[in-house]
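User: Hello! I am new to this structure and would like to learn how to read it. Could you take me through some questions and answers?

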Amino acid sequence: MRAVVRRGPELVVDTLREPTPGAGQVLVRTLCCGICGSDLHAVHSMEKMVELGRRIGEPGLIDPAQDIVFGHEFCAEIVDHGPDTDKRLKAGTRVVAMPVVVSSQGFETIGYSNRFPGGFSEAMVLTEQMLLPVPNGLSDVQAAMTEPFAVGEHAVAESDAGPDTVNLVIGCGPVGLAVIAALKARGLGPVVASDYSPARRRIAEAFGADVTIDPAVENPHLRWGALGVPHSRTERSILAMGGAAGKRAVVFECVGVPGVIQSLIEAVPVGTQILVVGVCMQTDAIEPFLCINKSLELKFVLGYTPEEFAITLRHIAEGTIDVRAAITGEVGLDGVAAAFRALGDPEAQCKIVVRP
């Protein structure tokens, strides 16, 4: 089969042996796969990702010196079943799945494994128990967006966002858009979206952001008072004396660049909950005294649960979330390396999908 291989810090198209499904696994034909921001990081930082994983006790199942086929945001078609499968979904069924394979060595992530190729290939092996059939009428591209938008579903589920909160999303790349979509799927608002890119702000509006702000022109934190969020302890106390509580701020950090968390700590109102969703690969620094003085809550979130993954597919299938506004390009395997470079320009691209 043909595949895009990470070989050192380069992406090359090569011919590999087609994977064979083991016990409880199925062989699938890849129909479509999105390029994730994590893939962009991993091309040049896979060694660091593995090193950081070891520091928190994760088993070293990835050798960055060996070939890796990326791609974990996929829609695929069942080709064959391995041994010990119940065959509840027949060959030809289009499916999505959490990108996890259970093997004799433990859990491995499809697309970040030396043994299990991801969706930048013509074929993959998936865990049968993870498969969800794609509802009729949903395109391959829409179905493939289940995985990235489940990240937003999880972030919002882990937050205190509700009818009494004002929700600020910092960064309107794919992660920020997924958060906005999950907030609006719950009917929550106001949702304020902040991004330097005019193109990203337009897409955020398409996903339902109530207010979009260019931070180069306006400080988004100057809006809190007008939106009913008291900024200081004094303001909150004055409201309380009058029998009112005011709204609470919930901020989703979806940038993943050093310094952003500290800038939020300094700027957000007292009592704010900050959800860190963006992935920062560098060492960062914060001043804990400010967090204590302002009674802030910092919460770091990752991934999603099987239930959140299934909920996201249902939201997309029912039209509650229309993911199409995020799709800005499609390429074949030969165009993947160029697509990785193109995604560095937020005005030109947001989410590119690969059709092997």
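This is a predicted model: local features need pLDDT of at least 70, side-chain atom pairs count only at pLDDT 80 or more; totals for chains, interfaces and linings use all residues.

User: Which residue in strand 2 is the bridge partner of Arg6?

Analyst: Helices (H or I, at least four residues) and strands (E, at least two) are DSSP runs numbered from the N terminus, and two strands pair if DSSP finds at least two bridges between them. Strand 1 (residues 2-7) and strand 2 (residues 10-15) are antiparallel and share six bridges. They form a hairpin with two residues between them, and Gly8 in the turn has a positive phi of about 65 degrees. Across this pairing, the partner of Arg6 is Leu11.

User: How many residues of strand 8 are buried?

Analyst: Buried means under 20% relative accessible area, exposed means over 50%, and partly exposed lies in between (1.4 Å probe, protein chains only). In a regular strand the side chains alternate between the two faces of the sheet. In strand 8, Ala123, Val125 and Thr127 are buried on one side, and Met124 and Leu126 are buried on the other. Strand 8 (residues 123-127) is therefore largely enclosed by the rest of the structure, its buried residues being five of the five.

User: Which residue of strand 8 stands opposite Val26?

Analyst: Strand 3 (residues 25-34) pairs with strand 8 in the antiparallel sense, over five bridges. In this pairing, the residue of strand 8 opposite Val26 is Leu126.

User: What is the strand order of the open sheet of six strands?

Analyst: The pairing in this open sheet is parallel. Its edge strands, each pairing on one side only, are strand 12 (211-213) and strand 15 (297-300). Within the sheet, strand 13 (residues 248-253) and strand 14 (residues 273-276) are joined by four bridges, with Val250 partnered by Gln273. The order is 12-11-10-13-14-15.

User: How many disulfides does the structure hold?

Analyst: A disulfide is a pair of cysteine sulfur atoms within 2.5 Å. For Cys36, the nearest cysteine sulfur belongs to Cys33 and is 9.4 Å away. The sulfur of Cys75 has its closest cysteine sulfur in Cys32, at 6.9 Å, which is too far for a bond. The number of disulfides is zero.

User: Is Cys75 buried or exposed?

Analyst: Cys36, with a relative accessible area of 14%, is buried. Cys75 has a relative accessibility of 0%, so Cys75 counts as buried.

User: What is the volume of the largest cavity?

Analyst: On a 1 Å grid over the protein atoms alone, a cavity is a set of points where a 1.4 Å probe fits but cannot get out, while a pocket is an open set with protein on both sides within 12 Å along at least five of seven lines; lining residues have an atom within 4 Å of a point. Grid points are joined across faces, edges and corners, and a volume is the space filled by probe spheres set on the points. The largest cavity is lined by Val166, Leu168, Val192, Pro220, Arg223, Trp224 and Leu227. Its volume is about 30 Å³.

User: Which residues are the closest to the centre of the second largest pocket?

Analyst: The second largest pocket holds about 320 Å³ of space. Of the 16 residues that line this pocket, the closest to its centre are Arg17, Pro19, Asn114, Arg115 and Pro117.

Conventions: Residues are numbered from 1 along each chain as its sequence is written. Side-chain values use heavy atoms; hydrogens and water are left out.
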